[in-house]
Amino acid sequence: MAMSGGKEDGAPMMEMNTTPLIDVMLCLLIMFIMSIPVATHAINIDLPVNSQTPNDPPPVDPIRNKVVLTVNDEILWNGTPVDGGGLLNLLQQSLQYEVEPELQFQPEPNASYELSANVLQIIKGSNVSKFGFVGNEQFAEFSK
(Lines give C-alpha, C1' and ligand atoms only; values in the text may rest on other atoms or scores of the structure.)
Protein backbone atom coordinates (compact mmCIF):
# COMPACT_ATOMS: atom_id res chain seq x y z
CA MET A 1 0.00 0.00 0.00
CA ALA A 2 1.24 3.44 -0.83
CA MET A 3 1.16 6.37 1.56
CA SER A 4 2.34 9.91 1.22
CA GLY A 5 3.47 11.93 4.17
CA GLY A 6 2.66 15.43 2.93
CA LYS A 7 5.09 18.26 2.37
CA GLU A 8 8.14 19.32 4.35
CA ASP A 9 6.61 22.70 5.33
CA GLY A 10 4.27 21.22 7.94
CA ALA A 11 1.04 21.87 6.03
CA PRO A 12 -1.67 19.22 6.35
CA MET A 13 -2.08 16.69 3.51
CA MET A 14 -4.99 17.67 1.22
CA GLU A 15 -5.24 14.54 -1.00
CA MET A 16 -7.24 11.55 0.10
CA ASN A 17 -5.40 8.22 0.10
CA THR A 18 -7.56 5.98 -2.17
CA THR A 19 -5.37 2.87 -2.00
CA PRO A 20 -7.18 1.32 1.01
CA LEU A 21 -10.52 2.10 -0.63
CA ILE A 22 -9.51 0.29 -3.84
CA ASP A 23 -8.22 -2.68 -1.83
CA VAL A 24 -11.54 -2.99 0.02
CA MET A 25 -13.52 -2.69 -3.23
CA LEU A 26 -11.46 -5.45 -4.89
CA CYS A 27 -11.98 -7.75 -1.89
CA LEU A 28 -15.73 -7.10 -1.99
CA LEU A 29 -15.82 -7.78 -5.75
CA ILE A 30 -14.02 -11.10 -5.27
CA MET A 31 -16.38 -12.08 -2.47
CA PHE A 32 -19.38 -11.15 -4.64
CA ILE A 33 -18.11 -13.23 -7.58
CA MET A 34 -17.50 -16.23 -5.33
CA SER A 35 -20.98 -16.01 -3.81
CA ILE A 36 -22.81 -16.18 -7.18
CA PRO A 37 -24.38 -19.64 -7.58
CA VAL A 38 -23.22 -21.76 -10.49
CA ALA A 39 -25.87 -22.13 -13.18
CA THR A 40 -26.65 -25.84 -12.96
CA HIS A 41 -30.13 -25.91 -14.39
CA ALA A 42 -30.63 -27.50 -17.80
CA ILE A 43 -33.48 -27.76 -20.24
CA ASN A 44 -33.67 -31.07 -22.05
CA ILE A 45 -34.91 -30.77 -25.61
CA ASP A 46 -35.51 -33.66 -27.97
CA LEU A 47 -34.01 -32.62 -31.30
CA PRO A 48 -35.08 -34.25 -34.56
CA VAL A 49 -32.80 -37.00 -35.83
CA ASN A 50 -31.78 -37.22 -39.46
CA SER A 51 -33.05 -40.52 -40.82
CA GLN A 52 -30.34 -40.69 -43.49
CA THR A 53 -26.84 -40.94 -42.13
CA PRO A 54 -24.15 -39.05 -44.05
CA ASN A 55 -21.98 -42.17 -44.21
CA ASP A 56 -24.47 -44.07 -46.35
CA PRO A 57 -22.65 -44.82 -49.59
CA PRO A 58 -24.46 -43.98 -52.81
CA PRO A 59 -25.86 -46.97 -54.68
CA VAL A 60 -23.97 -48.69 -57.48
CA ASP A 61 -25.84 -48.71 -60.79
CA PRO A 62 -25.58 -52.19 -62.37
CA ILE A 63 -25.37 -50.70 -65.90
CA ARG A 64 -23.43 -47.44 -65.87
CA ASN A 65 -21.68 -45.35 -63.20
CA LYS A 66 -20.17 -41.92 -63.66
CA VAL A 67 -17.26 -40.38 -61.77
CA VAL A 68 -17.09 -36.56 -62.06
CA LEU A 69 -14.31 -34.37 -60.67
CA THR A 70 -15.35 -30.82 -59.83
CA VAL A 71 -13.46 -27.56 -59.65
CA ASN A 72 -13.90 -27.63 -55.84
CA ASP A 73 -11.83 -30.87 -55.62
CA GLU A 74 -14.89 -33.05 -55.06
CA ILE A 75 -15.32 -36.57 -56.39
CA LEU A 76 -18.91 -37.25 -57.45
CA TRP A 77 -20.18 -40.80 -57.89
CA ASN A 78 -23.40 -40.57 -59.92
CA GLY A 79 -23.82 -37.03 -58.55
CA THR A 80 -23.16 -37.91 -54.89
CA PRO A 81 -19.94 -36.65 -53.24
CA VAL A 82 -17.55 -39.37 -52.06
CA ASP A 83 -13.94 -39.45 -50.86
CA GLY A 84 -11.09 -41.60 -52.16
CA GLY A 85 -11.80 -44.51 -49.82
CA GLY A 86 -15.51 -44.40 -50.63
CA LEU A 87 -14.71 -44.43 -54.34
CA LEU A 88 -12.54 -47.52 -53.95
CA ASN A 89 -15.31 -49.24 -51.97
CA LEU A 90 -17.88 -48.41 -54.67
CA LEU A 91 -15.56 -49.66 -57.41
CA GLN A 92 -15.10 -52.95 -55.55
CA GLN A 93 -18.88 -53.24 -55.14
CA SER A 94 -19.34 -52.72 -58.87
CA LEU A 95 -16.99 -55.66 -59.56
CA GLN A 96 -19.29 -57.97 -57.58
CA TYR A 97 -21.94 -57.92 -60.33
CA GLU A 98 -22.08 -60.80 -62.81
CA VAL A 99 -21.73 -58.32 -65.67
CA GLU A 100 -19.38 -55.50 -64.74
CA PRO A 101 -21.05 -52.06 -65.11
CA GLU A 102 -19.49 -49.42 -67.32
CA LEU A 103 -17.48 -46.74 -65.50
CA GLN A 104 -17.42 -43.28 -67.07
CA PHE A 105 -14.81 -40.72 -66.00
CA GLN A 106 -15.45 -37.03 -66.64
CA PRO A 107 -13.37 -34.29 -65.01
CA GLU A 108 -14.65 -30.73 -65.27
CA PRO A 109 -12.49 -28.43 -67.45
CA ASN A 110 -10.80 -26.68 -64.50
CA ALA A 111 -10.59 -29.67 -62.15
CA SER A 112 -7.31 -30.27 -60.36
CA TYR A 113 -4.78 -32.34 -62.29
CA GLU A 114 -3.49 -33.84 -59.04
CA LEU A 115 -7.01 -35.00 -58.08
CA SER A 116 -7.47 -36.45 -61.57
CA ALA A 117 -4.21 -38.38 -61.29
CA ASN A 118 -5.14 -39.68 -57.81
CA VAL A 119 -8.60 -40.81 -58.93
CA LEU A 120 -7.19 -42.52 -62.02
CA GLN A 121 -4.69 -44.32 -59.77
CA ILE A 122 -7.56 -45.51 -57.53
CA ILE A 123 -9.51 -46.72 -60.58
CA LYS A 124 -6.46 -48.52 -61.97
CA GLY A 125 -5.78 -50.18 -58.61
CA SER A 126 -9.36 -51.45 -58.37
CA ASN A 127 -8.94 -53.58 -61.54
CA VAL A 128 -11.98 -52.11 -63.29
CA SER A 129 -11.95 -53.22 -66.93
CA LYS A 130 -14.96 -51.40 -68.43
CA PHE A 131 -13.64 -47.86 -68.19
CA GLY A 132 -13.97 -44.86 -70.48
CA PHE A 133 -13.49 -41.11 -70.67
CA VAL A 134 -16.60 -39.08 -71.52
CA GLY A 135 -17.09 -35.41 -72.28
CA ASN A 136 -13.80 -35.05 -74.16
CA GLU A 137 -15.50 -32.88 -76.79
CA GLN A 138 -15.29 -29.95 -74.38
CA PHE A 139 -11.50 -30.13 -74.71
CA ALA A 140 -11.51 -30.30 -78.54
CA GLU A 141 -10.15 -26.77 -78.86
CA PHE A 142 -7.18 -25.76 -76.76
CA SER A 143 -8.12 -22.06 -76.59
CA LYS A 144 -11.39 -22.68 -74.70
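The model is predicted, so local features are given only where pLDDT is at least 70 and side-chain atom pairs only at pLDDT 80 or more, while totals for chains, interfaces and linings use all residues. Residues are numbered from 1 along each chain as its sequence is written, and side-chain values use heavy atoms, with hydrogens and water left out. The protein has three helices and five strands, where helices (H or I, at least four residues) and strands (E, at least two) are DSSP runs numbered from the N terminus.

**Overall fold**

- Read from the N terminus, the elements follow the order α-β-β-β-α-β-α-β.
- Of the 144 residues in the protein, 21% are buried; buried means under 20% relative accessible area, exposed means over 50%, and partly exposed lies in between, with a 1.4 Å probe and protein chains only.
- Among the contacts with a separation of 6 or more, 63% join residues 24 or more positions apart, a contact being heavy atoms within 4.5 Å.
- The protein exposes about 11,600 Å², of which carbon and sulfur atoms supply 59%; accessible areas come from the Shrake-Rupley method with a 1.4 Å probe, and for residues only the protein chains shown count as cover.

**The nonpolar core**

- The largest nonpolar core holds 16 residues, and those with the most contacts inside it are Val 67, Ile 75, Trp 77, Leu 87 and Val 119.
- At least two residues of this core come from each of strand S1 (64–69), strand S2 (75–77), helix H2 (84–94), strand S4 (102–107) and helix H3 (113–125).
- Such a core is a set of buried Ala, Val, Leu, Ile, Met, Phe, Trp, Tyr and Cys residues joined through side-chain atoms within 4.5 Å.
- Leaving aside neighbours within four places in sequence, Trp 77 is in contact with residues including Pro 58, Pro 59, Val 67, Leu 87, Leu 90, Leu 91 and Leu 103.

**The N-terminal helix and its surface**

- Over residues 21–43 the chain is 65% helix and 0% strand, with the end C-alpha atoms 42 Å apart.

- Pro 62 is found in the loop between H1 and S1 and counts as partly exposed at 45% relative accessibility.
- Although Pro 62 and Glu 102 are 40 residues apart in sequence, their C-alpha atoms are 8.3 Å apart in space.
- Not counting residues up to four places away in sequence, Pro 62 touches Tyr 97, Val 99 and Pro 101.
- Ser 94, in helix H2, is buried with a relative accessible area of 4%, and beyond four places in sequence Ser 94 touches Val 60, Asn 65, Glu 100 and Pro 101.

**Residues with a positive phi**

- Most residues other than glycine have a negative phi.
- Asp 73, which is not a glycine, has a positive phi of about 60 degrees; Asp 73 sits in the loop between S1 and S2 and is partly exposed at 48% relative accessibility.
- Asn 127, also not a glycine, has a positive phi of about 65 degrees; Asn 127 lies in the loop between H3 and strand S5 (131–133) and is exposed, with a relative accessible area of 62%.
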